[in-house]
Amino acid sequence: MSTLHLAILLPFVFVIIIPLLYKYTTAIHTGWIALIVPVVLFVYFASYFSIYDAIEPITVSVPWIPSIDIHFTLYLDSLSLLFALLITGIGSLVVLYSIFYLSKDRERLHLFYAYLMLFMGAMLGSVLSDNLLVLYTFWELTSVSSFLLIAYWYQRQRSRYGAQKAMYITMTGGFSMLLGFIILYVASGTFSIREIIAMGDTVSTHYLFIPAMFFILLGAFTKSAQFPFHIWLPDAMEAPTPISAYLHSATMVKAGVYLVARMTPIFGAQLEWSWTIIIVGIVTLFWGSFNALKQYDLKALLAYSTISQLGLIMSLLGVGSMGMNVKFENESLVFMGAFLAAIFHLINHSVFKGSLFMMVGILDHETGTRDIRKLGGIMHLMPISFTLTMIGAFSMAGLPPFSGFISKEMFFTSMLTLSENNSSWVNIIPIVAWVASIFTFIYCMIIIFKSFSGTYHANLLERVPHEAPVGMLASPATLSILAIALFLFPGLVVTSILEPTVKGMAPNVFAKHPDWHAHITAWHGLNLELFMTIGLIIIGILLFLSIEKWKTPIFSLISKRYNLNQVYDKGMINLEKFGSKVTRSYMTGSTTHYLTYIFCFLIITVLGSLLITNSFYLDMSNDSPIEWYEFVLGIATVAAAIFVLFSKSRLMSIMGIGVIGFTVSLFFVIFRAPDLALTQLVVETISTTLFLLCFYFLPKLKTSITSLKFKLTNAIIALGVGTTLTLIGLSAYGHRIFVPIAGYFNNSYQLAGAKNIVNSILVDFRAFDTMLEIVVLFSAGIGIYTLIKLRHAGRND
Amino acid sequence: METFIIIISGILFTIAVYLILNKNFLRIILGVTLFSHATHLMLMAINGLKKGNAPLLSEHGEIYTDPIPQALILTSIVISFALTALLLVLGYRTYIELGTDNMKKLKGESHE
C-alpha cells in the first residue's frame, strides 16, 4: 500500500466520515470538512509537479484478485498527473464555492459532500488505474455518483429524469467499454494497459481488434457527451450548479477524453480510429455550438458549449493519431501538434468552463433566474462578476489575451494540417470547424452581453441583484487568473505536462524523433490561422448584432425536425411498450398455454433431434407372440381411454380410468410381474375409492362436466406427443446395445437371502429409492391432511 | 407383443395429453393418471416381455424376466399414487374455495 493508494482511498474514507461528522458539527458548514480532502490531495499531487521537468512515471501495485490477474495497480505519468491536478484543484475550488452556494439550513449537506467525495475518489481511481478492470470499476463509480448528484434534489421530476437519462446512456457506454476491455484481455493476455501497449503489434493482429476499438470508443463517446450521445448532458443541468461546474464541465465528461488519450498508443495507428474520432468530434463541435445559440437558460447554453468544446478536443485527438499511421510517416511530427493542442485545450476548457459555471451559479443566486430573457443591465450592480464572466467567455471564444486564444489557434493549425495531408474532400473539416468557432463566438457574446448589459428589468427578477460574497467569487477569480496566466506563460505546463504526455501518446513516432520539443507561444506570427480568427470575430459580431432576425426562424424549423431528445424519449416509451407486449403475448396466465409451450418444445427438440440424427429404428423380429386375450385386453384399454375422453359424467370418467388401471394390472400379470400386478390392483382400488370419496363429500359439485370440445391445435399437439413417445419407445426397443445387468440380481438369494428378486432390489440393492418413496408418500399424506383440515386459516369470514 | 404394447401406450399418451390440455381440473387429473399408466406400460415393453419366468427364485427354470424395470415401476406406481391423491384433494379444495373447476377461471388477475 503506497501513498498513491492512500490518496485514492482518502475520499472514500471521507464518504463515511462526512455523514458522521455532519450530525455532531452543526455549527460549521460541512463543506469545510470536505474541503480538507481535495486540498490535501492537490498539495500531494502538486508535489510531483515541476515546471521544468517531466515526472518519472510511477507504478505501484497491490494485489486485489491475483488469481484472475486483477491488481490494484496505479500508474502516475504526466497525463494522469494532469487529470489528478484538475480533479483535485478544481475540486478544491468547487467545494469552496459550494460552501457559499449551498445553504447550511435547507440542504442535506452530508449527502451532497458524501456523493462528491465518492465521485472524486472514483475519478482519481479512473485516471490513475493501470488495470483495465480496476479502471472500469472506478469508471462505473463515477457514473453512479454522477447519477446521485444529478438527482440531488430528488423531489423534482426533472432531476430524476435527467439522472435516469444520464445513467442509461453512460452505463450503456460503460458496458460496451467493458466488452472492449475483455477483448483486449483475450488478445493480449493481460489487463495492464502498459503491458498491452508494450505488445502493441501482436494485439493489433487479433481479429476482434477493430470491434474492441469501437466498443471502447462507444464508452468514451457516451461519457464525454459526443454526438449523438450528448443528449444526457443538458438534462444533467438539473444538478446543483457546483456539480455542473465540477462534473459536467471539468472532470467527468473529460473521462472519455482521458480514455481516448490513454488508448491512443494501442489504437492510434489505425485509420478507423482517427477518422471516427475526427468525424464524431467535428459533428459534436458543430452541433453543440449551433444548439447553444438556441438556449435561453444559461446553464443549458453552457451544457451545449461543453459538448461542443469536448467535440473539439476529441477531433484534435483524432487528428493527432493520424501521425501514428505509417501512411503519414513524413508528416508525423506536424500531426503531433494536434495532440499538443488537445491537451492544452483540455486544461483551458476546465479552467474557463469551471469559472463560467460558477459565475452562472452566482447570477442565479443573486438574481433568482438564469434566463437570459429576464437578465440584463446588471453590469454596474455586479462589476466583479461581470469582469470574471467576461474573462471566462472571452477565453472560450478564443480571444487574446486569454489562454483559449492559443488553443484555438492551435486547433485551426491542426485542422489545416489535416486537410493539407488528405484528399480534397477533407477541406470541408476546417471550414466546419471555422463555422463552429463563429457560433462559439456568438454564444460567448450572448453569455456576456445578454445577461449583463442592456435594459434592466427590475420587475422580472426575484431579488435585487448585488455583488456576491467574496467567498463565492474566490473560486472563479482564481480560475480567471489562471486563464490569463496560461496565455502569458504557457511554459507553465509545456515541459512538465504537455510534452511528456504527447510523447507518451505516440511512443513509436517519438522513437524516431527523440529531439522533438513542444513549443507554445502566444504570438505565432502572421498566418492563415490569425486571419481566420479575425474573420470569425468580424462575422461573429455582425451575426450577434442581428441575432433577433435569424434566430427564431432557423431554430423553429430545425428543432422540430431534428430533435434527438424526442428520439430518445420515444425510443424509451416504445421499448417499454414492446417489452410489455412481448411479455403479454406469451405470459397469458393460462395453464393450457404454458403446457402447450412445454409440449411443443418436447416435440420439436426430441422429434427434431431424432430426425436430424436419423435414429428411428423398428425391429419386430424379437417380439414375443401375442395371444388373442392380450389383444382383446389392449383394445379394451384403448376403448376405456377413449370413453374417458368423451364421457360427460364425472363418475363415468373415473370408472373409465379405473378400468384402465385394472387392465394395466392384468397386463402386469401377463408380463410375469406379480408384485406389480398386486400393487397396481390395490393402488387402483384406493385411487378410485378416493375419487369417489371426493364426490361423496362434494354435493355442490355437479355430476356432469361440460362435454369436451374438439380443439384442433390440442389434438395436433397430443398426437405429436403421442407419436414422439411411441417412436422413442420403438427405437429404444429396437436398439439393444448393452446386455442388461439383470443377471446380477439373480444371485439375490446368495447376496441378500431373498428369493423374490424384485423385493430384494427394493429393500436391499436399491433401498434408498424405497426410503425416499416412503417420504414422498408421507409428504403427500401431510399435504392432504393440511389441505382438508386447515380451512380459512387466519381469516375471520 | 412389445410393439403392440408400445403402440397402445402411445395411444394412451395421446389421449392423456389431450386431457391435460383441457380446461377442466378433473380431466387434467385423469390425464395425469393416464400418463403414468402409459409410462409404466412402455417401460415394461421396452425391456422385452415374457422372456422368462416371474423373478421369483423358487420358480423352476433358469431364465427370469428382467426384475429391474419391475422395481422401478413399483416405485413409480406409489409415487404417482401419492401425486394423484394430492392433486385430487387440491382440486377438491380449489372447488370448495373458489367455486369452480375451470382452469380458465382460475387464471387470476392480470397485474400492472
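Tutor: Let's start with A:Gln226, which is buried, with a relative accessible area of 0%. Please keep in mind that we are looking at a predicted model.

Student: What makes A:Gln226 count as buried?

Tutor: The relative accessible area of A:Gln226 is 0%. Buried means under 20%, so the value of 0% puts A:Gln226 in that class. The residue sits in the loop between H9 and H10 of chain A. Setting aside residues up to four places away in sequence, A:Gln226 touches A:Phe221, A:Val280, A:Gly281, A:Thr284, A:Leu310, A:Gly311 and A:Met314.

Student: Which peptide bond is cis, and what is its omega?

Tutor: That is the bond from A:Phe227 to A:Pro228, with omega near -5°. A:Pro228 belongs to the loop between helix H9 (209-223) and helix H10 (232-235) of chain A.

Student: What is the phi of A:Ala225, and why is this residue called buried or exposed?

Tutor: Phi of A:Ala225 is near 55°, a positive value in a residue other than glycine. A:Ala225 is also placed in the loop between H9 and H10 of chain A. Its relative accessible area is 0%, and the limit for buried is under 20%, so A:Ala225 is buried.

Student: How does A:Arg672 stand on phi and on accessibility?

Tutor: A:Arg672 has phi near 65°, again a positive value in a residue other than glycine. You will find A:Arg672 in the loop between helix H27 (650-670) and helix H28 (674-696) of chain A. Here the relative accessible area is 33%. Since buried needs under 20% and exposed needs over 50%, the in-between class applies, and A:Arg672 is therefore partly exposed.

Student: Let's turn to helix packing. How do you know whether H4(A) and H5(A) are parallel or antiparallel?

Tutor: Helix H4 (residues 109-128) and helix H5 (residues 132-150) of chain A pack at an angle of about 155°, with their axes 8 Å apart. Angles over 145 degrees count as roughly antiparallel, so H4(A) and H5(A) are roughly antiparallel to each other. H4(A) passes H5(A) in a left-handed crossing. Among the residues that meet are A:Phe112, A:Tyr115 and A:Phe119 in H4(A) and A:Phe138, A:Trp139 and A:Leu148 in H5(A). By class, this contact of H4(A) with H5(A) has 13 nonpolar, five polar and no charged residues.

Student: What makes H11(A) roughly antiparallel to H15(A)?

Tutor: The axes of helix H11 (residues 241-250) of chain A and H15(A) cross at roughly 160° and come within 9 Å. The cut-off is over 145 degrees, so H11(A) is roughly antiparallel to H15(A). The crossing of these two helices, H11(A) and H15(A), is right-handed. The contact includes A:His248 and A:Ser249 of H11(A), along with A:Lys353 and A:Phe357 of H15(A). The residues of this contact of H11(A) with H15(A) divide into four nonpolar, eight polar and one charged.

Student: Which residues touch the most other members of the largest nonpolar core?

Tutor: Those are A:Phe45 and A:Met263, in a core of 216 residues. Helix H15 (residues 332-367) of chain A gives the most to this core, with 20 residues. Not counting residues up to four places away in sequence, A:Met263 touches A:Leu132, A:Phe181, A:Leu184, A:Ile193, A:Ile216, A:Gly268 and A:Trp273. Another core, of 72 residues, lies apart from the largest one, and among its members are A:Phe599, A:Ala677, B:Ile5 and B:Met103.

Student: Where is A:Thr276, and what is it in contact with?

Tutor: A:Thr276 is in helix H13 (residues 271-292) of chain A. Beyond neighbours within four places in sequence, A:Thr276 is in contact with A:Phe214, A:Leu217 and A:Phe221. A:Thr276 and A:Ser315 are 39 residues apart in sequence and 8.9 Å apart in space, C-alpha to C-alpha.

Methods: Residues numbered from 1 in each chain as written. Chains lettered and ligands numbered in written order. Predicted model: local features only at pLDDT ≥ 70, side-chain atom pairs only at ≥ 80, totals over all residues. Heavy atoms only, no water. Axes fitted to C-alpha atoms, helices over the stretch in contact; angles between N-to-C directions. Helix = DSSP H or I, 4+ residues; strand = E, 2+ residues; numbered from the N terminus. Parallel < 35°, antiparallel > 145°, perpendicular 65-115°, else oblique. Left-handed = near helix turned anticlockwise from the far one by under 90°. Contact = heavy atoms within 4.5 Å. Nonpolar A, V, L, I, M, F, W, Y, C, P; charged D, E, K, R; others polar. Core = buried A, V, L, I, M, F, W, Y, C linked by side-chain atoms within 4.5 Å. Buried < 20%, exposed > 50% of the residue type's maximum accessible area, 1.4 Å probe, protein only.
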